[in-house]
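This briefing looks at one helix and what surrounds it, and then at some backbone details elsewhere in the chain. Please read it alongside the sequence and the coordinates.

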Amino acid sequence: RYAATAAIRIAEALINGTPYDLETDIFEIRRLWLSQRPGPSTYAIMHEAKQRGIPVLPLDDNAYIQLGYGCRQKRIEATLTSNSTAIAVDIACDKSRTKKILTEANIPVPEGQMVRSVEKLKEAIQSIKYPIVVKPLDGNHGKGATINIESWEEAIIAFERAKVFSENIIVEKYVKGRDF
């Protein structure tokens, strides 16, 4: 609906020869799309299940899905299963804490800093250098995350996007590879 309304506004602006702020519409359409699609983890699990011939049944509008049927069914929400412990979930939801634990276990993690302001964002980028990733500290499903940022203009847009989901933002060095 938003896209249809925006298309009408764009057409009217073209007809009238008036300037139009397309970036606002693009940002809002992207935000709406991100809020409705499965997150990367849920999508990866659904995709792999389908590849293996396992039936996938969405149980709500978000990430709660059923894999298989009958006595062999498994219900998951994003990456959570009935085997997930509360402490593991708590740790995994805090990206800063997770990075600390991984580092202590000698598992390499990208260099990064937590920021709350544009000034601190600038300092972090000067330290880390481009390309970077900007994401909410306590976000999930990839919401508000932007990768492979190469310029200050992109960084500001990514920072504002991440701020929608959290006050605390992580800025990390972008590392090419698979997302786990």
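In this predicted model, the buried residues of helix α7 are Ala155, Ala158, Phe159, Arg161, Ala162 and Lys163. The cover over these buried residues includes the helices α2 (22-36) and α6 (118-128), together with the strands β4 (112-115), β5 (132-136), β6 (146-149) and β7 (169-173).

**Helix α7**
- Helix α7 runs over residues 152-163, and its 12 residues reach 16 Å from the first C-alpha to the last, which is close to the 16 Å expected at 1.5 Å a residue.
- An α-helix has 3.6 residues a turn, so residues three or four places apart point the same way.

- Ser166 sits in the loop between α7 and β7, where it counts as buried because its relative accessible area of 7% falls under 20%.
- The side chain of Ser166 reaches the backbone oxygen of Asn168 at 3.0 Å, and, leaving aside neighbours within four places in sequence, Ser166 is in contact with Pro136, Leu137 and Asp138.

**Backbone geometry**
- Most residues other than glycine have a negative phi, and most peptide bonds are trans.
- The peptide bond from Tyr130 to Pro131 is cis, with omega near -5 degrees, and Pro131 is placed in the loop between α6 and β5.
- Asn106, although not a glycine, has a positive phi of about 60 degrees; Asn106 is found in the loop between α5 (95-104) and β4 and is exposed, at 70% relative accessibility.
- Asn148, also not a glycine, has a positive phi of about 55 degrees; Asn148 lies in strand β6 and is partly exposed, with a relative accessible area of 32%.

Notes. Residues numbered from 1 in each chain as written. Predicted model: local features only at pLDDT ≥ 70, side-chain atom pairs only at ≥ 80, totals over all residues. Heavy atoms only, no water. Helix = DSSP H or I, 4+ residues; strand = E, 2+ residues; numbered from the N terminus. Expected span 1.5 Å × (residues − 1). Buried < 20%, exposed > 50% of the residue type's maximum accessible area, 1.4 Å probe, protein only. Contact = heavy atoms within 4.5 Å. Polar contact = N/O pair within 3.5 Å; in protein donor to acceptor, adjacent residues only side chain to side chain.
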